[in-house]
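Visitor: I would like to learn how to read a helix, a strand and a core from coordinates. Where do we start?

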Amino acid sequence: ADAVKAPPPPRPASRLVGSVESTGYYAMELPLGTPPQTFHVIVDTGSTIAYVPCSFCGDKCGLHASAPFAPQASSTASFINCMSATCATFCGSRRCNCRSSFEFLRDISLPMMSVCSYARRYQEQSSSTGLLLTDVLRLGPGVGDHRFGFGCETEETGMIFNQRADGVIGFGNNPSSIINQLVAQGAMENTFSICMGGFRGGGALFLGDESLPPTSGDQRMRYAQVHTRRENPEFYAVSVRGMKLGSSKVNVPSRVYDHGYGAVVDTGTTFLYLPDAAYKSFEQLLLASMDKHWDKIRRTRSPDSRYPNDLCYGPLHHKTSGEGERDDLLDIFPDLTIDMAASDPAVEKITLTFPPENYLFKMSGGAHGYCVGVYNNRDDGVLLGAVLMKNYLVNFDLRNNRIGFAPHDCDALNKE
């Protein structure tokens, strides 16, 4: 008999770097231009445009992992004319802006009177503004080389100015996102997957159906329906039907989870955010659960003075766990179970059970212990951030309007 052929090793479009603890984000490599200039950009399913600093941004951009993008050093760079059809449609419902070429006369000669531009402001009061251009994006064997429109920043503020990553790459539903651009060029199917590593970070990004790691049995993909909201069609929102911490139900009616944009699956948000009533019930259940283990664990002060109200716990008796061993302390925390509306009409809901490490992060500053990465989002609905997706293969199957979750050893993808 023929030997069973092992499936080919997964071939990601990009490795991921970063973690919840070290950077607060996961970033991919983005090689742009001819010859290629490479950047590390935050993988963000909650935004829609890609941008990196422009070489003539000067001190209006922060110092990042890589040198800024030099359009004049790329033989394939082409700024987008303000009067072009591309500028009219590129930003989707957010509309692009225009800036006069004379503004940049000292830095670059532009073959047009006015150039297409963009501006983005984020909830945490940071912003990015810049000019729009297209150049060649080089994503390796699976996807190949394709024209790609992105922002060349002329100013950054707030966290964007201060972060280590060079910029952001938006995967949201909008003409300017990497997915919509590559799908429109026939470069890939309208589906992508992200596998983010655990406490040590890393992981991989897969574009299209190509070379995904296989999933089956208990580790199979469970699909939730994507609910597009008229008020924000760019977000990938699922419908959360209920949550449990251990065996206790988070005591709110399911409609509470539909506040705001619904439950947005957002890799660019670090933590898990719940509406006020759900958060208060979650916190109550967690405190009660931890009180039962008063002989093993104690509440400690947050090691980060900026966040004095963080819920943090350390061991009662100091014990070190060996390198690579799972920490016993994690077994004291309850699992978090989330029910979501299923994409399969024959099934009412899918139930996902996340281990405690999917809502906890390690204490900084060398202290042994964990803080709870779940926060109160007041009236703004649910944000399912990166912390929850650690060691899950998350498949954004946009052809079929669904998002799949399968437990997966994303850490192992760092070694392959």
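**Helix, strand, core, charge**

Guide: Start with helix H4: at 1.5 Å a residue, its 16 residues should span 22 Å, and its end C-alpha atoms are 23 Å apart, which agrees. The expected span is 1.5 Å times one less than the number of residues. Helices (H or I, at least four residues) and strands (E, at least two) are DSSP runs, numbered from the N terminus. This is a predicted model: local features need pLDDT of at least 70, side-chain atom pairs count only at pLDDT 80 or more, and totals for chains, interfaces and linings use all residues. Residues are numbered from 1 along each chain as its sequence is written, and side-chain values use heavy atoms, with hydrogens and water left out.

Visitor: Which residues of H4 are buried?

Guide: An α-helix has 3.6 residues a turn, so residues three or four places apart point the same way. In H4, Ala 278, Tyr 279, Ser 281, Phe 282, Leu 286, Ser 289 and Met 290 are buried (under 20% relative accessible area; exposed is over 50%, partly exposed in between; 1.4 Å probe, protein chains only). They fall within an arc of 165° seen down the axis, so they line one face of the helix. The arc is that of the directions from the helix axis to the C-beta atoms. On the other side, Gln 284 and Asp 291 are exposed.

Visitor: How many residues does the largest nonpolar core have?

Guide: In soluble globular proteins, nonpolar side chains tend to be buried together. A nonpolar core is a set of buried Ala, Val, Leu, Ile, Met, Phe, Trp, Tyr and Cys residues joined through side-chain atoms within 4.5 Å. Here the largest has 99 residues, and Phe 192 and Leu 207 are among those with the most contacts inside it. Its largest share, five residues, comes from H4.

Visitor: What does strand E11 pair with?

Guide: Two strands pair if DSSP finds at least two bridges between them. E11 (residues 191-196) runs antiparallel to E27 over five bridges, and five bridges also join E11 to E12, again antiparallel. Ile 194 stands opposite Val 394 in E27. Six of the six residues of E11 are buried.

Visitor: How many salt bridges does the structure hold?

Guide: Side chains of opposite charge can pair when their charged atoms come close. The structure holds twelve salt bridges (a side-chain nitrogen of Lys or Arg within 4 Å of a carboxyl oxygen of Asp or Glu). Arg 402 bridges to Asp 397 at 2.8 Å. Arg 402 is partly exposed at 23% relative accessibility, while Asp 397 is buried at 1%.
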